[in-house]
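Biologist: Hi! Could you walk me through this protein, one topic at a time?
Modeller: Happy to; let's look at it together.

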Amino acid sequence: MSFSAQFSDEEVERYARHLVLREIGGPGQQALKAARVLIVGAGGLGAPAALYLAAAGVGELVIVDADIVALSNLQRQVLFTTADAGVAKVEAAAVRLAALNANVSIIPIAQMLTEANARDLIGGCDLVLDGTDDFATRFAVNAACVAQDVALVSGAIGRWTGQVGVFAGRPCYRCLVPEIPPDAETCAAVGVVGALAGAIGSMMALEAVKLIAGAGQPLTGRLLIFDALAAEARTVRIGADPHCAVCGG
Ligand SMILES: [Zn+2]
């Protein structure tokens, strides 16, 4: 088997552990190289997801985040170093990811994703990863993904519990979360264990690799819930809501 037509010698060596996997191999690695992936939020989940997707050789990574790196981010946002404090997250991320894999084109966008720009940002992407912690952004991402038929890998964490799901068409994220929960918590208020961000962010990257390479059974229409304190995970099926504000009839 020869990958030389599509890959340089450097790439063949870099991606050797993917290329020998039956479920990825040359075609899967080629699909990764051809993919354009949007990561919304370079936070606890976006950081490990971006590292693994850059390492995996995704062709184009668009990273959207308006924040600057704060010292309190470093407990879990492994993309950044102490020296990055005060720097725009997407700029620090671009430097770090380019150092990891120069084959990947990193497109940093120092903006908040909103209803107004969601369609422009998501249009042309093959896949979106959302690891943001506010529901207005999540709703805007989901609506744009549904409208443009782009698959969404969604992750969330708080305290010791995390969840990850994949949405492609129906059911959509809004079927799972119809309205902003009145008791919505933020990690800033209730805390989160750093390594949990690594576990869930890495699972988001893993689902992305599966979707792009066509490997296995993605979490499409399902939600994996991980209870870190109990060290237990369960996966539940998400029902399509016929009255969903986004994808309902
Ligand atoms: Zn829906």
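Biologist: Is Cys-244 buried or exposed?
Modeller: Cys-244 counts as buried because its relative accessibility is 6%. Buried means under 20% relative accessible area, exposed over 50% and partly exposed in between, with a 1.4 Å probe and protein chains only. Before we go on: this is a predicted model, where local features need pLDDT of at least 70 and side-chain atom pairs count only at pLDDT 80 or more, while totals for chains, interfaces and linings use all residues. Residues are numbered from 1 along each chain as its sequence is written, and side-chain values use heavy atoms, with hydrogens and water left out.

Biologist: Okay! Which residues are the protein donors of the zinc ion?
Modeller: Cys-172, Cys-175, Cys-244 and Cys-247, each through its SG atom, lying 2.3 Å from the zinc ion. Donors are N, O and S atoms within 2.8 Å of the metal (3.2 Å for Na, K and Ca); water is not among the atoms, so sites may look incomplete.

Biologist: What is the geometry of the zinc site, going by the angles among its four donor atoms?
Modeller: Tetrahedral, with angles of 94 to 127°. Four donors count as tetrahedral if all angles lie between 85 and 135 degrees.

Biologist: And how are the donor residues spaced in sequence?
Modeller: The spacing is C-x2-C-x68-C-x2-C. Distant parts of the chain are linked here: Cys-172 is in the loop between strand S6 (161-167) and helix H8 (173-176), and Cys-244 is in the segment after strand S8 (232-237), 72 residues apart. Helices (H or I, at least four residues) and strands (E, at least two) are DSSP runs, numbered from the N terminus.

Biologist: Is Cys-172 buried or exposed?
Modeller: Buried, because its relative accessibility is 0%.

Biologist: New topic: how many aromatic pairs does a search of the whole structure find?
Modeller: Three. One of them is Phe-135 with Phe-139: the centres are 6.4 Å apart and the planes are at 65°, so the pair is edge-to-face. Rings of Phe, Tyr and Trp (its six-membered ring) pair if their centres lie within 6.5 Å; planes under 30 degrees apart count as stacked, over 60 as edge-to-face and the rest as tilted.

Biologist: Where do Phe-135 and Phe-139 lie?
Modeller: Both are in helix H7 (residues 135-148), four residues apart, about one turn of the helix. Phe-139 is buried, at 11% relative accessible area. Phe-167 and Tyr-173 also form an edge-to-face pair, 5.8 Å centre to centre with 85° between the planes. Ring pairs join Phe-135, Phe-139, Phe-167 and Tyr-173 into a cluster.

Biologist: What lies over the face of Phe-139?
Modeller: Arg-174, at 4.0 Å from the ring centre. A charge sits over a ring if NZ of Lys or CZ of Arg is within 6 Å of the ring centre and within 35 degrees of the ring normal.

Biologist: What comes just after H4?
Modeller: Gly-57, which takes a positive phi of about 90°.

Terms used:
Four donors count as tetrahedral if all angles lie between 85 and 135 degrees; four count as square planar and six as octahedral if opposite donors are over 155 degrees apart and all others between 65 and 115; anything else is irregular.
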